[in-house]
Amino acid sequence: MTFSAFRSAVRVQRRRIAVGVAVLMILVGAAAIWLNRSSGADDDLRAELVSQFGDSYGPGLQASEETTVIELRASPSVAQVLPGVDTDVWAFNGSVPGPALRLPLGETIRIELDNQLPVPTTIHWHGIRVPNAMDGVPGVTQDPVAPGSRNSYEFTPPDAGTFWYHSHTNGSEQLERGLYGSLVVTDPSEPTWSQDIEWVIDDWLLTDTGQIDPDFNTAADVEHNGRWGDTITVNGSTETVLSTQPGERIRLRIINASNGRIFAPRFGALDASVIAVDGLPSRRRLPADGFVIAPGNRIDVDLTIPQPGNYPLVDDFTGDIYELATINVAGDRITTPDFTAPLASDLPVWAEAIDLDVDQEYRLNIRRGQSRWEWTMNDRAYPDVDKFEIEAGSFAKIRLVNDSQLFHPMHLHGQFFKVISRDGQPVDEGHFRDTVLLFPGDEIDIGLVALDTGTWAFHCHIQEHADAGMMTLVDVNDRS
Ligand SMILES: [Cu+2]
């Protein structure tokens, strides 16, 4: 190559580089504009979703002057889980379930926990939007309450509905032994049913002598869907009968307090619709038959009682029929109370949320830990799972992917959320939730507008999965 040819080649090379740089700069500029525009569109969409959320639920009523004070003494006790058999349990105030707490919306409740157990404990108020410090998560919102010690919980529930309380310490043992109860917040403006009752369902693994099997949180429980028992109780009994008259209209609040068992109740000939899920009213009446209730879930069922007879309520989630309780109908027909069940007509659909970027993804799986199986979120077990940060009042989208072959009812403390999509397909369930069940392989996107600031637990409600690491924390930060 001659010198001039060399210089000309260098010039061409330089020109090419210059053109290349110019093209690159144009591309970078275009990408920046596009990204900017797309994040602007994202912001607009988020603002729109927040405005659709409106006041779906909010700060609640102004607290009244009334404060109900309840003492809950957690202690070893005895219960008749099976008729005529004394079973050693751990109980609140000596009964399983513990006292059925009820208070009207706007009233403050103070619960004095007296821990007479041989181990530390705490109480979580499942589904109730309590101040963060009252949430009962040991090591996160409070220290464990030592044996012989007391702790005071005080809050004014901002939402009416069906909630429950339970130990949030070593749940695989403490829930199984019986430390739970219902907490219903009534709305005095709602119509009056003929009967308004709670059915707390639990599943027990009993020995031949009717005692609670003392091997808690076994490797088999962890590797499977938690501890599934052999005896199912409704309100602590295997022989629950609800006595009714023809024509009655009943609000039946069903709570799944089991460690791992999932229910799909069948109402048979009864006229039954779900009108609330996880406490909050749904937008429309939903078929109650076969509605899946995972550990932690609640449904409120609007039930109209037909002609005299015995109507069994059965479960067939597993395909095996199990009789849960009986509704006995006898006596004179009464006039059915005629009212429209309270529904949340303005509940957002959030269909557009499908287009939104995911803020946080959690992949759920199992791995072999140092000495036993661990349940992981993004390949980490609690307390090593990354926190997720949310700004109060803004819309957040979380993707849950079940990479395992087992069930995971994921429960978020302090906030309600709505399922946006399942396996990429838009979903409008017609209600909020605080607990959503993932079947094996499921990919579920949930949306929420967090209102309550603090550090909230987000975990699998199968107690053995949570205790094996399937939990993370969500920080809801003030907007400022
Ligand atoms: Cu799980």
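Author: Helices (H or I, at least four residues) and strands (E, at least two) are DSSP runs, numbered from the N terminus. This is a predicted model, in which local features need pLDDT of at least 70 and side-chain atom pairs count only at pLDDT 80 or more, while totals for chains, interfaces and linings use all residues. Residues are numbered from 1 along each chain as its sequence is written.

Reader: What's the strand order in the open sheet of four?

Author: That open sheet runs β11-β18-β17-β13 with mixed pairing, where two strands pair if DSSP finds at least two bridges between them. β11 (241–244) and β13 (265–266) stand at the edges and have a single partner strand each, so one side of each is left without a neighbour in the sheet.

Reader: And how many bridges join β17 to β18?

Author: Seven bridges join β17, residues 309–315, to β18, residues 322–329, and the two strands run antiparallel. P312, for instance, has T326 in β18 as its bridge partner.

Reader: Switching topic, what share of the residues is buried?

Author: Of the 480 residues in the protein, 43% are buried, meaning that 20 or more other C-beta atoms, placed from the backbone, lie within 10 Å of the residue's own.

Reader: What pLDDT does the protein average?

Author: The average pLDDT (the predictor's confidence in each residue, from 0 to 100) is 92, and 91% of the residues score at least 70. Over residues 1–7, however, the pLDDT is below 50. Where pLDDT is low, the predicted coordinates should not be read in detail.

How values were computed
Buried ≥ 20, exposed ≤ 12 C-beta atoms within 10 Å, placed from the backbone. Contact = placed C-beta atoms within 7 Å.
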